[in-house]
Amino acid sequence: MDNRIKTIYLLIKSNKVLICESNLKDLFNQLPKELEGIRTYDYYYRNFKKSSYFQFEFNREYYFQKIEYNRE
């Protein structure tokens, strides 16, 4: 894995990873059509500031997760 990557963002549905990105903006830009346009980028940013894991409020099938790597 690239040593410059410090965070991974995941979109999960039915226990399967649909999107895996190292940048939240890239994850946001790849959201499935059924989630696109429902919430702005700031919604995801604020939720990831509060927690590393949350369930999408409008479609409870989707989970978002952030994994951070502490490298020295």
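An open sheet of 4 strands, ordered β2-β1-β4-β3 with antiparallel pairing, is the opening topic of this briefing. The edge strands are β2 (16-21) and β3 (53-55), each of which pairs on one side only. Neighbouring strands of the sheet are turned against each other by 20° on average, direction ignored. The model is predicted, so local features need pLDDT of at least 70 and side-chain atom pairs count only at pLDDT 80 or more, while totals for chains, interfaces and linings use all residues. Residues are numbered from 1 along each chain as its sequence is written, and side-chain values use heavy atoms, with hydrogens and water left out.

**Terms for the sheet**

- Helices (H or I, at least four residues) and strands (E, at least two) are DSSP runs, numbered from the N terminus.
- Two strands pair if DSSP finds at least two bridges between them.
- Strands of a sheet pair through backbone hydrogen bonds, either parallel or antiparallel.

- Strand β3 is joined by 3 bridges to β4 (residues 62-68), and the two run antiparallel.
- Tyr-53 has Gln-65 in β4 as its bridge partner.
- Helix α2 (residues 41-50) packs on the sheet and touches β1 (7-13), β3 and β4; contact means heavy atoms within 4.5 Å.
- The direction of helix α2 makes about 130° with that of β3; axes are lines fitted to C-alpha atoms, for helices over the stretch in contact, and angles run from 0 to 180 degrees between N-to-C directions.

**The hairpin of β1 and β2**

- Strands β1 and β2 pair in the antiparallel sense over 5 bridges, and they form a hairpin with 2 residues between them.
- The bridge partner of Lys-13 in β2 is Lys-16.
- Ser-14 lies in the loop between β1 and β2, and its phi is near 55°, a positive value in a residue other than glycine.
- Asn-15 is also placed in the loop between β1 and β2, with a positive phi near 60°.
- Most residues other than glycine have a negative phi, and most peptide bonds are trans.
- Ser-14 is exposed, with a relative accessible area of 57%, and Asn-15 counts as exposed at 79%; buried means under 20% relative accessible area, exposed over 50% and partly exposed in between (1.4 Å probe, protein chains only).

- Glu-21 is found in strand β2 and is buried, yet has no salt bridge, that is, a side-chain nitrogen of Lys or Arg within 4 Å of a carboxyl oxygen of Asp or Glu.
- The nearest side chain of opposite charge to Glu-21 is Arg-4, 13 Å away; Lys and Arg count as positive and Asp and Glu as negative, while His and the chain ends are not counted.
- The side chain of Glu-21 makes a polar contact with the side chain of Gln-30 (2.6 Å). A polar contact is a pair of N or O atoms within 3.5 Å; within protein, one must be able to donate a hydrogen and the other to accept it, and residues adjacent in sequence count only if both atoms are side-chain atoms.
- Not counting residues up to four places away in sequence, Glu-21 touches Thr-7, Ile-8, Tyr-9, Asp-26, Leu-27 and Gln-30.
- Cys-20 also lies in strand β2 and is partly exposed, with a relative accessible area of 44%.
- Leaving aside neighbours within four places in sequence, Cys-20 is in contact with Ile-8, Tyr-9 and Leu-10.

**Lys-25 in helix α1**

- Lys-25 lies in helix α1 (residues 24-29) and counts as partly exposed at 39% relative accessibility.
- Lys-25 and Tyr-41 are 16 residues apart in sequence and 7.3 Å apart in space, C-alpha to C-alpha.
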